[in-house]
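Please look over the sequence and the model before reading on. The paragraphs below go from the whole chain to one of its elements.

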Amino acid sequence: MLRKHEKEALVSLFLLSFGAVFCLDRFYESGVGEGLLGLLGVLIAFFSIIGIVIWAILVFAKMFRLLRKFTEDEEIPKITGSSKD
């Protein structure tokens, strides 16, 4: 069974994969205001080659950050102490 943060990551990955140009992941995660700002940023980025490269790097960075949520283990408390014999 998937944990809650893994389910959220799956939804964000789906929206990022199929709707990155329209910033669907931003609308889902943050709301209309940040979604519109993201959409404006994408429009500005597509007017230059450097903007497209930066946009692609940011999309892939977010994708890998979301994928890492599936490989992270939960925090296991460690017992610290000295074992001097």
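Predicted model: local features only at pLDDT ≥ 70, side-chain atom pairs only at ≥ 80, totals over all residues.

Residues are numbered from 1 along each chain as its sequence is written, and side-chain values use heavy atoms, with hydrogens and water left out.

The protein has 4 helices and 0 strands, and its elements run α-α-α-α from the N terminus on; helices are DSSP runs of H or I with at least four residues, strands runs of E with at least two, numbered from the N terminus. Of its 85 residues, 21% count as buried, where buried means under 20% relative accessible area, exposed over 50%, and partly exposed in between, with a 1.4 Å probe and protein chains only.

Helix H4, residues 49-68, has 20 residues and reaches 29 Å from its first C-alpha to its last, close to the 28 Å expected at 1.5 Å a residue, the expected span being 1.5 Å times one less than the number of residues. The buried residues of H4 are Gly51, Val59, Lys62 and Leu66. Seen down the axis of H4, these buried residues fall within an arc of 70°, so they line one face of the helix; the arc is taken from the directions from the helix axis to the C-beta atoms. What covers them includes helix H1 (4-19), helix H2 (24-30) and helix H3 (32-45), while the face of H4 turned away from its buried side carries the exposed residues Ile49, Ile50, Ile57 and Phe64.

Technical notes
Contact = heavy atoms within 4.5 Å.
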